[in-house]
Amino acid sequence: MADEEELTGGATGGATRVGRTVRRPTGPWTPAVHELLDFLHEAGLRGIPQAHGTDEQGREVLTYVEGRGVPVDDEVVLPEVLQEAVAWLRDFHDLVDGFRPDGPRTWRQSGEVELEPGQVICHNDPGAYNWIIQSGHFVAMIDWDLAGPGDPIDDLAFMAWTAIPLYREIDPALAAERINLLVDAYGEWGPMTLLDAVERRMRTAADRIEAGIERGDEGMLNLARLRGEPQRTRERVEAFAARRPAIEAHL
C-alpha cells in the first residue's frame, strides 16, 4: 500500500501503519488472539486495540492506538504511570478470568492447548515497551501476539522486569520502593513472592524464545539477530539474582 508507514521500535518486525490501522504478520495463533481481543472489548476492557480481521495480504488488521511508546533502556516511567499500568493489568486479569474457550486454541508459544484449572490467558509480554502513553498517562497495552495460558503473577512479574526496571541496575532502595508500589496497586501478592516470580518468569521467557528459534518463528529469529536473545535475557536474569539481596534489604 502506498500510504504504509513502517513502525519501528519493536524487535520482532513486520508492523506497519495504514491510516488508523496497524497491519501485522499473522500465524496459527491469530484466530485465538482475535477471539480474545473481541471478548475483552465486549467485556469493556479499556486500552486495547480492536481486531478487524485480515487484509488482502493476509495480515491482521488492528486499530492504531495514538500515543507514544516507552524507550525502556532510556526511561524509567513515573510512579503514577506505573500505578496506572498495574491497575490496568489487574482489570485485565479480572475480566479475562471469564474467557473460557470451548475447547483447545492455538497460541504462539504453547501450541494447541486448553486452559488448565487456575490458569487465565495472559498477555505474556506486558513490558513497558508495549505500553502507550498519552499526556503522561498509561492508556493502552499493545502487541498481543504472544498471549496464551499462564498464571496472572507471571504477567505482573514480566511487567516488573521492564517497568521497575529489574532487568537493569538501579538504586536498590528505589527498586524496593517501586516494587512495593506495584504489589500494592495489584493487591494480590507480597514483594518476595513477586521477586521469586520474576526470576522464574524471565528464565521461562528465555526458554520460550529459544524454542521459538528452533521452530523457525520469524519473530523469535529476529530477537536472536537484533537483540542477542535468548542469551541476553539469561545474562540479565543472573545479574538480577546477584542484585536481589540488596533490593530485599530495603523491603
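Arg17 sits in strand β2, which covers residues 16-18. Beyond its neighbours within four places in sequence, Arg17 is in contact with Asp3, Glu4, Glu5, Leu7, Tyr64 and Glu66. Its side chain also reaches a backbone atom: the oxygen of Gly19 lies at 2.8 Å. All of this is read from a predicted model.

The next strand, β3, spans residues 21-24 and holds Arg24. Is Arg24 buried or exposed? Its relative accessible area is 11%, under the 20% limit, so Arg24 counts as buried. Leaving out residues up to four places away in sequence, Arg24 touches Gly14, Ala15, Arg59, Glu60, Leu62, Asp143 and Asp145. With one of these, Asp143, there is a polar contact between side chains, at 2.8 Å.

Asp143 deserves a look of its own. This residue lies in the loop between β10 (137-141) and β11 (148-150). Its relative accessibility is 25%, so Asp143 is partly exposed. The polar contact therefore joins a buried arginine, Arg24, to a partly exposed aspartate, Asp143, across 2.8 Å. The backbone of Asp143 also stands out. Most residues other than glycine have a negative phi. Asp143 has a positive phi, near 60 degrees.

Asn124 is another non-glycine residue with a positive phi, here about 75 degrees. Where does Asn124 lie? Its place is the loop between β8 (120-122) and β9 (131-134). Asn124 has a relative accessible area of 6%, so it counts as buried.

Now turn to the helices. Helix α1 runs over residues 30-43, and Glu42 is part of it. Apart from neighbours within four places in sequence, Leu40 is in contact with Leu45, Ile48, Phe92, Leu95, Val96 and Trp144.

Phe92, Leu95 and Val96 from that list lie in helix α2, where they meet Leu36, Phe39, Leu40 and Ala43 of α1. By class, this contact of α1 with α2 has seven nonpolar residues, with no polar and no charged ones. How are the two helices arranged? Two packed helices are described by the angle between their axes and the distance between the axes. The axes of α1 and α2, the latter spanning residues 79-96, come within 10 Å and cross at roughly 105 degrees. An angle from 65 to 115 degrees counts as roughly perpendicular, so α1 is roughly perpendicular to α2.

Leu40 and Arg59 are 19 residues apart in sequence, and their C-alpha atoms are 21 Å apart in space. Glu42 and Leu115 are 73 residues apart along the chain, and their C-alpha atoms are separated by 21 Å. Arg59, named in the Leu40 pair, is also one of the residues that Arg24 touches.

Most peptide bonds are trans. The bond joining Ile164 and Pro165 is cis, with omega about -5 degrees. Pro165 lies in the loop between α3 (152-163) and α4 (172-186). The bond from Glu229 to Pro230 is cis too, with omega near 5 degrees. Pro230 is in the loop between α6 (218-227) and α7 (231-248).

Step back to the whole protein. Its secondary structure comes to seven helices and eleven strands. The radius of gyration is 18 Å, close to the 18 Å that the globule rule gives for 251 residues, so the protein is as compact as a globular protein of that length. Along its principal axes, the C-alpha trace spans about 55 × 40 × 35 Å.

Note on methods. Residues are numbered from 1 along each chain as its sequence is written. This is a predicted model: local features need pLDDT of at least 70, side-chain atom pairs count only at pLDDT 80 or more; totals for chains, interfaces and linings use all residues. Side-chain values use heavy atoms; hydrogens and water are left out. Helices (H or I, at least four residues) and strands (E, at least two) are DSSP runs, numbered from the N terminus. Buried means under 20% relative accessible area, exposed over 50%, partly exposed in between (1.4 Å probe, protein chains only). A polar contact is a pair of N or O atoms within 3.5 Å; within protein, one must be able to donate a hydrogen and the other to accept it, and residues adjacent in sequence count only if both atoms are side-chain atoms. Contact means heavy atoms within 4.5 Å. Axes are lines fitted to C-alpha atoms, for helices over the stretch in contact, and angles run from 0 to 180 degrees between N-to-C directions. Angles under 35 degrees count as roughly parallel, over 145 as roughly antiparallel, 65 to 115 as roughly perpendicular and the rest as oblique. Ala, Val, Leu, Ile, Met, Phe, Trp, Tyr, Cys and Pro count as nonpolar, Asp, Glu, Lys and Arg as charged, and the others, Gly among them, as polar. The radius of gyration is taken over C-alpha atoms; the globule rule is 2.2 Å times the number of residues to the power 0.38.
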